[in-house]
Each structure stands twice: as C-alpha cells, then as structure tokens.
Amino acid sequence: MSKQIKNNLSVVLLLLTFILLTGCEFKDIDKDVFVAMIAVDKSDEAGKSYKITLKLYEPTSSFKQMPEPTYSYITESGETISEAVRLLESYSDKKLEFGHSKLIVIGEDLIKEDKSKEILDFFLRRPDIQMISWMAVGRPSAEEIIRLVPQGETAAYPELFNYFDDNGTESQYIITTYLFDFRRNMKSAGVDPILPIIEINHEESHFEINKSIVFRDKKEPYELNSLDTSLFNILSNSTDNADFYIKEDEHYLIVKIDSVKAKKKVQVQNNSNLKLDIEINLSGYIAESKKQLVNKQLPYYNKLFKKEAEKQFNDFFSKMIKGGYDPLGLELDYKSQTFHNRQMSNEEWEEALENAQINIIINPGLKSTGVIQ
Amino acid sequence: MSSLETVKWINEQFKKTNELTQKTLKYEDKHILLFYIKSLIDQELLQKLIIKPFFEMATENQFKLYMQALPQFQEGKSTEQIQLEVMNGNVIIVIQNEIYLLDLKLSNNDQVNSTSVETTIHGSQLGLSDNLMTNINVIRSNYHKPSLCVEYLVKGEINQHKVAIIYDNEKVKNDVLDTIRKRLQNVDKQVITSTTQLNNFLNDKRLSLFPRMIMTERPDRLVYNIAGGKVILVVDGNPQALATPAVFFDFMTTMEDNYHTLLISTFLRVLRYIGLFISLLLPALYVGITSFAPEVFRTELALTIAGSRVGVPFSSFIEVLFMLFFMELLLEASIRLPKAVSATATTVGGLILGTAVTEASLASNIMVIIVSAVAISTFVIPVNEMAFSIRIVRLFFIVITSVFGLAGLTLSFYVLIMYLVRLDSFGEPYLQLYISPKNKSKSEEQI
C-alpha cells in the first residue's frame, strides 16, 4: 500500500471516529423533559422569597392512544429563582428544557412586593426561555393556576395557551403580553406594562381571564376591570371585537363591533398645554335589542352608540390620568416627537396630563340592525 | 502491388484471426478476390450486392465501376485503415490489383429502445439504440441543420471502440470543444465499454462528487442540448449519450418542463427543488433539531418525537444512519435485482422492515416517516447521477450535524455551496443558471 493511500485512509478513519465523539452538547430528545409553564409565587418558608412551580409535559408516543393530558409538577422554594430552579433540576431524571415553556405566571402576592425586575432578570438571562413567552398574573396564586387542568383539555397543548395565542378565543377581555414586551415597557420611560389576570372558577374548574393589571414604578399596581380591559384592548388595536351596551331613552341595545381602528395623537400647544386626539373607528352591527328596530333609523342608532362610546372612553381616560397610570404610552408618544432638551420633566408632564384636553372622536359604523327585514 | 502480393499481404495481416474468409470469384475473364470476417458482415447483402452482379456483369471494368458506384464503397488507402475497417465489418475486394472496401456490416443492435431511465408522459417515448450509426441517424433526423458536425474517434487501445463527438458548429464554444478533444486524446484506457465511463476519464479530478456531464437517453434532450451549444459524446454499443458542459441546474430539469404550460412546469420545478432540499437536509435537520435545539419544533411535535423515541436504544444520529443504510441497501438491491424479484424486494424492505423496525422499537415512528420521505424525494431528482451525489452529500451532512449541531449543518451547507461554486464543467462555472450558446465575438457585437 502506498504511503499516500495509507494517509488518506487514516484521515477517513479519523473522521469516522469523530461521529462517536459527539460531546456533551449532544442530547437525545427523550432525555429532555419539557416545561409547559412556570409559576413564581411568594414562598411561605422563612428566609426564602420565591416558590417556583414547574408544570412538566409527560411524553407519550401517541396522542391518539392517550388523549388525556398528563403532567407532573415540581415545586421548590429559594432565596432567588435560580437557586430554586437549580434544586428543581435535581428532582427530575431528565434535563429540564425550558424551550417550550410558553407561559410565565406570577403570583398575586408577589406582584404587590414590587420585585418584577428581580423576577424578570432570571427569565431574560436564561437562554432557553423564549422571549415570546406570555406573562400573566395568577390569582389567588400562580401555582394554583398552573396546577389546574380544566375539563376537556387536550394532550400536549394546555388550554391556557389558547387564551393568549390568537388561535383559540378572540375575546376582547384578554390581554396578551409577551415577556419581551413586558420587559421593554418596564424599561422604557413613558409606558406602563400591563398583564392579564388569570382567575379560577373553582366550581366549574375553568379559567377566567378578563381583568388586567397595570404596573408603574414606585406605585401600587392598578387593576383594570373587565370593561376597562376591553377598552384598553380597543385603544391598543389588539382586538377586533367589542361589545357596547346602550341604554338610552327606551332603547336597550347591544352593539357588536367586528372591526376596530384606533388612532391616538398627543399634541403639545404653547409648550405646556396637552391635547389628546383619540380617533376610534368602530364598525359592526346591533346584536341584541329589546325593541323592534328599523333599518332607516340606523343613523339614529349610530348617534346613540357614538354618545355611549364617547362616555365610556372618556371615563377610561379620566380614570387612567387621575390614577397616574399610562398603559397606552401617551408619554412615550410625546417623548418620541419632542427633542430631549425641550421635554418636560416628569412632574411637569404629570401636571400637564391632568389638565390635558381630551378630544375623543368616535366614528360609529353600525352597518345593520342585525336582522333582515 | 501485384495481385499475389496483395493477397499475401492481407493474409499476413489477418493471420491471427481464424475467421477471415477468403473467396475467389472467377467467371469468364472476370476475377476478384473477397476477404471478410464472416460473423461481422451481412451475408445476404454480400450475395445481393457483389456475388450476383459479378456473374451478371459483362466485363471486369463494368463491375469495377459498379463497385465504385455503390454507397458503401470506400477506397483502401492505408494498411491501418484496412485492418480497422475489416474489423468493423467491411469486405475487402481486390480487383485488378486495387483494393476496395465495402461496408456490409451486419448490426443486430440498431433497434431504438424505449426510454427506461428518463420516462416522461409527454414527448417521444423512444430513446437511443445500441448502435452508433443509428444513434447519429436519430439525432440527425431530429436536428435538421447542416451545421451539425460529427467527429469520429477510436478509443480503447484493445477493443477499439468508436466514439462520436456531435455538435452544432454555429453554436458550440470553440474552447469547450478544444478541451474535450484534448482530453479525449489523453484518454489512454485499454478497454472502453460505456459512455458514462468517459465521464470519469474526461474529468481531470479523480475525486469529484458531482457529475460534470449529463447522461441521457432521450433524443429530444440531446437535440435541446445541441441547440444550447453543448457537445454530445456517444460511444458505440451504448444507448446513452453524454452532453457537456453541464451545470448544476441542468440536472434538475426534465424535458417535460418544456412541454407543460408555464404554471405547471414552474409548479413541478418548485416541487423538485423542495424535494432536493428535503432529501439533502431532512435527516440532518432531524438530528440537529431533536438533539441540539428541540425548541424549534412545535410543542406537540417535540412531545411526539420524544414519546416515539421512548425505548429506542440508539442515539438519534445512529438511528438515522441505521435507517438510511437500510434504505440505501434497498435502493441498490432493487437496481441489481432482476425485474421480477425487485418488486418483492421493495415490499419486503419497505413495508415489512419499516413496520417491524418500529414494532421492535429499533427506530422511532417519526424516523421511518423521515426516511421514506427522504427516499421519495430522492427519486424526484430527474437525473440519476445527481441523485447519487446528493445521497453522498446527505451522509456528510448527517455526520457533521451530529458532531456540531445545527451550526454545523449551516456551515456544511455553506461548504457545499462553496464547493459547487468552485467547480467547473469544461471551463463553464458549475453553478451558473444555464450555459449560453457561443458568445458572439466582439467584432460581431460591435456591428
């Protein structure tokens, strides 16, 4: 055998042995256990601040044979989140893989303690937690939320995800906040992050997600009720559905909106006078009425609708401004159009906002009374 | 040369053959000598064209003129030529001390075969034959242009096979033609039996992964390629021809692309390229994603794969290599097997092995799906030689990916592209979209 052939052969053999040296980075997928959700609660133990609960998927070879969802849970407390997670890793025979965890639930108790930055830090630094995870607040506790498997849930896709992923329900009461979004709003001055609140209806064992909570630095978080949550969703253009109840004269109408377009503009006049121009296009039809309706009267119904909507949005804005919360990012809007050396200070801005002239224009677009006459 | 000398000389030349027949015809004052190899010539034709007229002609001169008028006639000039032509089925006629050659070759292989490798729904179903002359006849009768040139060469030191170079003088690039001629000159092989052998002999690199010449059995493809300025090589006794220079994208087209409407052929082309990428990347992607980055999958899929791997004793890359190995065995076996058995082999291999492997949990269900998807998409690549190359590249990808993960896969894909960019086929860059026919000379362009 000539020397060259020998050399070539040895190179080939060397390459072939490489395949056996795949190293520790190589891990078969069945040696991973996938985390479905993460719950962060306040710990009851003394000296430990966090209680972490993980919901883990149990792998099945065929969902046809096992349509019932199966999960396992592991819980541990720790002074920091990483401490708890490190201990949790010893509770599982497989490697905890956070790549598929889609939801981070934070307990209500923890929210009151203003520790969001500390909590976020772990989630942001850990590489396998995806920045597109959803964030939510769990009431009464995060652990209870993730431990609930509602009836009729299918395997491998927890029902809770359907609320947020825009594939299942499209309710206007559900706010979807991503981890990256939450963190960005938290960091940036001028917009306050908002999170949905997940509650449990124990008797019927299902979730209720129709409230939300606004965070502001050095302030108590402010809870939005269902109506305000839906108004926020309309104003932030994140829903196409809305309902309005009109009770005027002898009419009692329910308007179903199926197309929403909201524009907001912050204008500064004379350096300190603020003017908020809010223009909202709402179109839809009348879904319910206690009285016989006539198609010809649509302009009149539109007028009623306009009046009602204006009132509701005005209430919303005055509530927000009075409380000093800004989930819509009005301040950010202002800051984006003013040079930094001409911007008002925070105090000036708060004062200006309180005195701001709010100009809400509703363009009602009721297209039908909902019945064919 | 006197008559006697000639006879002596011819006998001298062919004394090693035991098949040379010598025949003396003598009638009245006419006298000719015939030499031929009995098994090579058409005896009926010999009787009809030579023997019968010989006895009917009045004089020897008349017969000589008659000979010269025959279309098969050629004059014997050199000794080498005579020797060669006799071995090609010519009859030597010695008449009045002159040597004439008459091509009375008997060929039993001039039937045009129907296409078996490149089958299409549209277009001609007939391919080439095993006979060089018939093949050239087929090409010429599909390409009616006087600029079509055919050059003959004899290659193979021992078996002295005829090779034809066919091209359109007006379209072909001269430097390509020169390179081919030069490389053909340099081929010194003892035995040449197949056209595709030339593919290796004309290649200057011994270890080349991708074919630089496109093998085809379809006359319409040949005509299409000649019109595109390519050079065709045909070896006698082979129903395949080679077209060169060929670029990568030539191997991804079928003749049917031209026969369908634009939308349909675009759809088919897109389908084919998707198939190419699936067969190239899917197994490596499976290894890379399941073992290095499972978060890329949808959750359900990740769980299904994790679940279906329960009980499988091998790592994912061993599993892939194991299943691909059996698939390759199956492919190879079904080519070699007689047609009657090959269907059984595929059933046994594909169906029984597939289900049994998952039942015995030697491989996961998903793996079986992947391997069969890969097998099917390999068949989508229209030219067989490219499919072979892809099969080898795929293995490289799996090995690299199982060591370096998805980053390794990305890098090795770059390496593949870099390799393809560096390749050339007879001076034409391999990864260009198509080969343009002869560039007009600069002076022509200016006019």
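Guide: Of the 447 residues in chain B, 33% are buried; a residue is buried if 20 or more other C-beta atoms, placed from the backbone, lie within 10 Å of its own, exposed if 12 or fewer, and partly exposed in between. This is a predicted model, in which local features need pLDDT of at least 70 and side-chain atom pairs count only at pLDDT 80 or more, whereas totals for chains, interfaces and linings use all residues. Residues are numbered from 1 along each chain as its sequence is written, and chains are lettered from A and ligands numbered from 1 in the order in which they are written.

Chain B contains 15 helices and twelve strands; these are DSSP runs numbered from the N terminus, helices being H or I of at least four residues and strands E of at least two. Its radius of gyration, taken over C-alpha atoms, is 29 Å, well over the 22 Å of the globule rule (2.2 Å times the number of residues to the power 0.38), so chain B is more spread out than a compact globule. The C-alpha trace of chain B spans about 100 × 65 × 40 Å along its principal axes. An automatic or database assignment sets the domain bounds, and in chain B it gives domain 1 (3-103), domain 2 (132-245) and domain 3 (257-425). The centres of domain 1 and domain 2 of chain B, taken over C-alpha atoms, are separated by 33 Å.

E10(B) has strand partners, two strands being paired if DSSP finds at least two bridges between them. Strand E8 of chain B (residues 214-216) runs antiparallel to E10(B) and is joined to it by three bridges, with B:Ile214 opposite B:Ala243. Strand E9 of chain B (residues 231-235) also pairs with E10(B) in the antiparallel sense, over four bridges, and there B:Leu233 has B:Leu242 as its bridge partner. E9(B) and E10(B) form a hairpin with five residues between them, and in the turn B:Gly237 has a positive phi of about 80°.

Two residues are in contact if their C-beta atoms, placed from the backbone, lie within 7 Å. Leaving aside neighbours within four places in sequence, B:Leu242 is in contact with B:Thr195, B:Leu198, B:Asn199, B:Met213, B:Ile214, B:Met215, B:Ile232 and B:Leu233. A nonpolar core is a set of buried Ala, Val, Leu, Ile, Met, Phe, Trp, Tyr and Cys residues joined through C-beta atoms within 7 Å. The largest such core has 149 residues, and those touching the most other members are A:Val40, A:Val105, A:Ile106, A:Ile213, B:Ile232 and B:Leu242. Apart from that core lies another, of 20 residues, including B:Leu34, B:Phe63, B:Val91 and B:Ile95.

Finally, the contact between the chains takes 23 residues from chain A and 22 residues from chain B. On the side of chain A that touches chain B, ten residues are nonpolar, six polar and seven charged; Ala, Val, Leu, Ile, Met, Phe, Trp, Tyr, Cys and Pro count as nonpolar, Asp, Glu, Lys and Arg as charged, and the others, Gly among them, as polar.
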